[in-house]
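Here are my notes on the two-chain model you sent over.

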Amino acid sequence: MSARIQVDWTRCDGHGLCAALLPDRIGRDEWGFPIVGQPTVGDPNDGDVRHAVAACPALALYLHKTP
Amino acid sequence: MTALAERATTARRLETETWVVGAPRLLAGLDRAARLDLRAHLAVHGPLPAVEIDRLLSYADAVRLAGRGGAGFPLASKLRSLAEGQRHIVVNGSESEPASQKDRVLLRRAPHLMLDGALAVAQATRARRVTVAVHDAAAAASVRAAVAERPDARHVRVRKITAGFVSGEARAVVRALKGGPAKPHGRRTPDTLTGTFVSNVETFAQLAILLRIGPHRFADTGTHAEPGTTLLTVGGAVRRPGVVEIPIGTPLGIVLAAAGAPAYPQAVIVGGYHGAWIAQNSHVRLSRTGLAAAGGAFGAGVVLVLDDTTCALGELARVTGWLAAQSARQCGPCRFGLPALAADVAALVAGQRALTAAFGHVRAVEGRGACAHPDGAARFVTSGLHILQDETERHLVHGGCGRPIAGQLPIETVSTR
């Protein structure tokens with residue numbers, strides 16, 4: 001089982017916490033919105049990724065699990 | 001409003017011309033009558049046979065019937081994924097593409113075909129609710145008059161919902177019907193999982209034809225992969241703009257000649273404003289696979305022609321500005337990226353170096369939104385910039401092309417009253 005990092009674009013306000021917490025996976029565009037460069041997560045329980053999802057102030061970042 | 005007054009209102013607004021390449025199916029009878037009432041409809045098409053779900057699915061599978069709203073999703077797959085329980089059939093008649101007229105023509109002039117299809121799906125899936133969602137008053141009046149004519153349509157509701165480009169997206173329509181804003185949802189949950197079946201007006205009308213003539217005759221025309229006919233809306237610099245029914249796979253050149261397009265158009269756009277500018281190639285087949293092979297998209301079947309009296313780059317800039325204004329402003333990349341892209345294209349018209357910035361902003365919106373709007377807009381602008389390379393160069397060197405922006409590409413939806 002793996003998962004993909006996804007953004008609910010209707011919620012995201014570009015706070016940038018995800019990019020700060022996951023600098024290897026997520027960058028920011030010129031307006032501050034996330035650019036998910038590495039969306040695939042091998043382990044859905046990856047601590048850093050779960051932390052970033054939990055930290056998103058707009059509840060916009062989520063993990064979409066794929067069987 | 002009385003039925004008679006409604007009919008008069010409908011008749012006054014039948015401004016769209018219709019014509020046919022090959023034999024008409026959806027447009028049958030419309031060469032003789034402005035609108036087919038129930039009696040005329042039955043005289044032209046005959047009665048609709050009763051269907052159960054298995055036959056409906058096997059027919060739809062046999063001819064690979066796909067949604068005609070733009071996405072082209074297979075009808076049978078959508079029906080199979082429909083959840084059990086309280087089912088709701090929604091006819092999406094919002095037709096928010098400003099250049100598209102085909103669904104309005106069907107709603108105003110042949111509403112019973114669409115109703116046949118919707119009622120057949122409702123019967124086969126035991127759905128008690130059927131809703132026809134439209135954007136304009138003339139379409140609403142025509143469908144209401146048609147519903148009033150037939151006892152089997154007592155449960156059909158007609159709803160006029162907010163107009164707007166992204167409001168025509170199926171999930172936005174369903175959200176509006178439930179009392180929410182006419183904007184797409186953030187998470188992509190298919191509506192079929194909640195028991196709601198949404199499809200485009202033409203899809204239901206095609207189904208009404210299919211159920212009558214069966215898959216064998218249905219596949220008499222069209223291509224092997226995409227049997228049957230399709231509706232197009234042809235506009236821009238042509239002598240005969242209007243809605244045309246063609247066998248799927250008809251070469252673009254035949255449609256352009258029949259529409260009275262100039263022999264050497266400056267540019268041709270297929271698929272509307274989420275579609276693509278395609279290199280002048282009259283051999284391109286008007287089908288999903290044909291357009292995909294030409295690097296375009298069939299979309300909802302809009303064909304637009306530019307002649308050489310207008311500044312094509314300026315036309316592109318106008319539509320890009322319009323696309324930016326159509327953002328629902330829900331998603332940041334679309335809300336900020338599309339206006340930035342529009343400014344880049346406007347700068348190109350003014351002879352500035354902005355191509356790199358434009359392609360950067362295309363990448364900034366692609367795949368980064370809740371609906372298909374940013375992706376569609378990106379495809380439209382990217383293909384336009386590729387086709388208009390020489391034009392861009394001319395604007396850069398001379399500060400312009402010397403031609404006015406004639407406004408050959410419509411950017412206001414025709415009659416949304």
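Which pattern does chain A follow when read along the sequence? Keep in mind that this is a predicted model.

1. Chain A, overall. Reading along the sequence, you get β-α-β-β-β-α-β, that is, two helices and five strands. The radius of gyration is 11 Å, close to the 11 Å that the globule rule gives for 67 residues, so chain A is as compact as a globular protein of that length. Its C-alpha trace spans about 35 × 20 × 15 Å along the principal axes.

2. Burial and contact range in chain A. Of the 67 residues, 25% count as buried. If you take the contacts between residues at least 6 apart in sequence, 60% of them join residues at least 24 apart.

3. The sheet in chain A. Three strands make an open, antiparallel sheet, and their order is S4-S1-S5 (chain A). Strand S4 (40–41) and strand S5 (61–66) of chain A are at the edges with a single partner strand each, so one side of each has no neighbour in the sheet. Helix H2 (residues 47–55) of chain A packs on this sheet and touches S1, S4 and S5 of chain A, with its direction at about 135° to that of S5(A). Strand S1 (residues 2–7) of chain A pairs with S4(A) through two bridges, in the antiparallel sense. If you want a spot to look at, Arg4(A) sits opposite Thr40(A) in S4(A).

4. Where the chains meet. How many residues of chain A are in contact with chain B? Nine are, and they touch eleven residues of chain B. On the chain A side, the residues split into four nonpolar, two polar and three charged.

5. The parallel sheet in chain B. Here you'll find an open sheet of four strands with parallel pairing, in the order S4-S3-S2-S5 (chain B). Strand S4 (156–160) and strand S5 (196–200) of chain B are the edge strands, and each pairs on one side only. Ignoring direction, neighbouring strands of this sheet are turned by 20° against each other on average. Strand S2 (residues 88–93) of chain B runs parallel to S5(B), and five bridges join the two. One pair to pick out is His88(B), whose bridge partner in S5(B) is Thr196(B). Helix H8 (residues 170–177) of chain B lies across S2, strand S3 (129–134), S4 and S5 of chain B, at about 115° to S2(B).

6. In soluble globular proteins, nonpolar side chains tend to be buried together. In this model the largest nonpolar core has 140 residues, and Met114(B), Ala118(B) and Val255(B) have the most contacts inside it. Helix H9 (residues 201–218) of chain B supplies the largest share, nine residues. Setting aside neighbours within four places in sequence, the contacts of Val255(B) include Val21(B), Leu232(B), Val244(B), Ile246(B), Leu286(B) and Val303(B), along with Thr250(B).

7. Is Ala225(B) buried or exposed? Ala225(B) has 12 C-beta neighbours inside 10 Å, so it counts as exposed. It lies in the loop between H9 and strand S6 (229–236) of chain B. Beyond its neighbours within four places in sequence, Ala225(B) is in contact with Arg64(B) and Thr289(B). Ala225(B) and Thr289(B) are 64 residues apart in sequence, while their C-alpha atoms are 8.3 Å apart in space.

Conventions
Residues numbered from 1 in each chain as written. Chains lettered and ligands numbered in written order. Predicted model: local features only at pLDDT ≥ 70, side-chain atom pairs only at ≥ 80, totals over all residues. Contact = placed C-beta atoms within 7 Å. Nonpolar A, V, L, I, M, F, W, Y, C, P; charged D, E, K, R; others polar. Core = buried A, V, L, I, M, F, W, Y, C linked by C-beta atoms within 7 Å. Buried ≥ 20, exposed ≤ 12 C-beta atoms within 10 Å, placed from the backbone. Rg over C-alpha atoms; globule rule 2.2 N^0.38 Å. Pairing = 2+ DSSP bridges. Axes fitted to C-alpha atoms, helices over the stretch in contact; angles between N-to-C directions.
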